[in-house]
Amino acid sequence: MGWTGSPGIVGPTVHTDRMQDPDRLAAAALFDTAIGTCAIVWTDVGVQRFMLPEPTAAATRSRLLRRGSGVREAEPTGQIAEAIAGVRAHLSGSLDDLRWIALDQGGSPEFHRAVYEVTRAIDPGHTLSYGEVAERIGAPGAAQAVGQALGRNPIPLIVPCHRVLAADHALHGFSAPGGLTTKERLLGIECTPGFGEPMLF
């Protein structure tokens, strides 16, 4: 089903204890990867936020604490431990679409969730333009709104906003640490044509 509302209108806010305090039940962990120290935040529903590396592990932890008042550090187990293993493998070159990782997107507007659903369906090594994502959610002409939604993506890599490019395949904007350099690096790890080794199929 496509998006049927206006990209600028997210509908009425439903006030619940969880939405008023989205980190109330959240836990977090930092973990090393091939590109640096990442951070993951989760609830009993699934992954709520993911952070790509800052220049140092201390900087990643500081950013995590700034953005997540009330988040407690915890030892990942079960599905979260599996998610971390999947992310590590992917960033080491054993590519995985990571679509099996459960997410908690309860704090995201409906339009954003529609954008993230289409973005998550892009396979490693492939890309879409902002306009193509807009068309796939049934909102042609909303490329700018798609870009804004991706700029607020709280779960980069797992929701692979780095795979969405300008219509001319140019790199425009990436809100994660490292900006466009990080975006280009992720595309290179995934052997995206023009950024890494060309794909055969």
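Colleague: Where is threonine 60 found?

Modeller: Threonine 60 sits in helix α2. Helices (H or I, at least four residues) and strands (E, at least two) are DSSP runs, numbered from the N terminus. This is a predicted model, in which local features need pLDDT of at least 70 and side-chain atom pairs count only at pLDDT 80 or more, while totals for chains, interfaces and linings use all residues. Residues are numbered from 1 along each chain as its sequence is written, and side-chain values use heavy atoms, with hydrogens and water left out.

Colleague: Is threonine 60 buried or exposed?

Modeller: Threonine 60 counts as buried because its relative accessibility is 1%. Buried means under 20% relative accessible area, exposed over 50%, and partly exposed in between (1.4 Å probe, protein chains only).

Colleague: What does threonine 60 touch?

Modeller: Leaving out residues up to four places away in sequence, threonine 60 touches Leu30, Thr37, Cys38, Ala39, Pro53 and Glu54. Contact means heavy atoms within 4.5 Å.

Colleague: And which strands does α2 lie across?

Modeller: Helix α2, residues 57-67, lies across β1, β2, β3 and β4, and runs at about 25° to β2. For such angles, axes are lines fitted to C-alpha atoms, for helices over the stretch in contact, and angles run from 0 to 180 degrees between N-to-C directions.

Colleague: What order do the strands in that sheet have?

Modeller: The order is β3-β2-β1-β4, in an open sheet of four strands with mixed pairing. Two strands pair if DSSP finds at least two bridges between them. β3 (47-51) and β4 (72-73) are the edge strands, each pairing on one side only.

Colleague: How many bridges do β1 and β2 have?

Modeller: Seven, in the antiparallel sense, between β1 (residues 27-33) and β2 (residues 36-42). Aspartate 32 stands opposite threonine 37 in β2.

Colleague: What joins β2 to β3?

Modeller: A hairpin, through four residues. β2 and β3 run antiparallel and are joined by four bridges, with isoleucine 40 opposite phenylalanine 50 in β3. Five of the five residues of β3 are buried.

Colleague: Now α3. Which of its residues are buried?

Modeller: Ile80, Ala83, Ile84, Gly86, Val87, His90 and Leu91. Seen down the axis of α3, these fall within an arc of 160°, so they line one face of the helix. The arc is that of the directions from the helix axis to the C-beta atoms.

Colleague: What do they pack against?

Modeller: The buried residues of α3 pack against β1, β2, β3 and α7. Helix α3 lies across β1, β2 and β3, at about 30° to β1. After α3 comes glycine 93, with a positive phi near 105°.

Colleague: How far apart are the end C-alpha atoms of α3?

Modeller: They are 20 Å apart, which agrees with the 20 Å that its 14 residues should span at 1.5 Å a residue. The expected span is 1.5 Å times one less than the number of residues.

Colleague: Last one: what covers the buried residues of α7?

Modeller: The cover includes α3 (78-91), α5 (130-136) and β6 (164-165). In α7 (residues 179-189), the buried residues are Gly179, Thr182, Lys183, Leu186, Leu187 and Ile189. They lie within an arc of 160° when seen down the axis of α7, so they line one face of the helix. Cysteine 191 follows α7 and has a positive phi, near 55°.
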